[in-house]
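Student: I would like to talk through this protein with you, one step at a time. Could you start with a term we will need later?

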Amino acid sequence: MLIFDSKIDRVHRSREFGQIEARVTFLAKTAAGRPPQAMRIATHVPVRGHGPLRDRLMRDAMRLARLMAARAQSPRIAA
């Protein structure tokens, strides 16, 4: 997955859970031969952590985006 651009918005601090919640929007190319597409991912990270908050939000959102792309490409088994 190639990420061309990203934006973080709708940032909210949840004091009850000690988390920062945000929506991360990526312009990403998920597979060879496919055009880039916008992906919006809601994510959350602990208030205290290693590294800048922006980097932690981006890292978590990219991890979720990769999982979703892999799941979309895998064959589905009918129940």
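Tutor: Gladly! A nonpolar core is a set of buried Ala, Val, Leu, Ile, Met, Phe, Trp, Tyr and Cys residues joined through side-chain atoms within 4.5 Å. Here buried means under 20% relative accessible area, exposed means over 50%, and partly exposed lies in between, with a 1.4 Å probe and protein chains only. Two ground rules: this is a predicted model, where local features need pLDDT of at least 70, side-chain atom pairs count only at pLDDT 80 or more, and totals for chains, interfaces and linings use all residues. Residues are numbered from 1 along each chain as its sequence is written, and side-chain values use heavy atoms, leaving out hydrogens and water.

Student: What is the mean pLDDT of the protein?

Tutor: pLDDT is the predictor's confidence in each residue, from 0 to 100. In the protein, 92% of residues reach 70 or more, and the mean pLDDT is 86.

Student: In what order do the elements run from the N terminus?

Tutor: Helices (H or I, at least four residues) and strands (E, at least two) are DSSP runs, numbered from the N terminus. The protein has one helix and three strands. From the N terminus on, the order is β-β-β-α.

Student: Which strands stand at the edges of the sheet?

Tutor: Two strands pair if DSSP finds at least two bridges between them. The three strands form an open, antiparallel sheet in the order S1-S2-S3. One side of each edge strand has no neighbour in the sheet, because each has a single partner strand; these edge strands are S1 and S3.

Student: How many bridges join S2 to S3?

Tutor: One place to look is Ile20, which stands opposite Val45 in S3. S2 and S3 run antiparallel, and the number of bridges joining them is ten.

Student: Which residues make up the largest nonpolar core?

Tutor: S2, S3 and H1 each supply at least two residues of this core. Contact means heavy atoms within 4.5 Å; leaving out residues up to four places away in sequence, Val24 touches partners including Met39, Ile41, Met58 and Ala61. The core has eight residues: Val24, Phe26, Ala28, Met39, Ile41, Met58, Ala61 and Ala65.

Student: Which residue forms a salt bridge with Asp9?

Tutor: A salt bridge is a side-chain nitrogen of Lys or Arg within 4 Å of a carboxyl oxygen of Asp or Glu. Asp9 is buried, at 18% relative accessible area, and the N to O distance to its partner is 2.9 Å. The pair links distant parts of the chain, 14 residues apart, from strand S1 (residues 2-14) to strand S2 (residues 19-29). The partner is Arg23.

Student: Why are Arg63 and Asp60 separated by about one helical turn?

Tutor: These two side chains also meet in a salt bridge, at 2.8 Å from N to O. Asp60 is buried at 15% relative accessibility, whereas Arg63 is partly exposed at 45%. They are about one helical turn apart because both lie in helix H1 (residues 53-73), at a spacing of three residues.

Student: Is Ser14 buried or exposed?

Tutor: Ser14 is found in strand S1. Setting aside neighbours within four places in sequence, Ser14 is in contact with Gln19 and Glu21. With a relative accessibility of 10%, Ser14 counts as buried.
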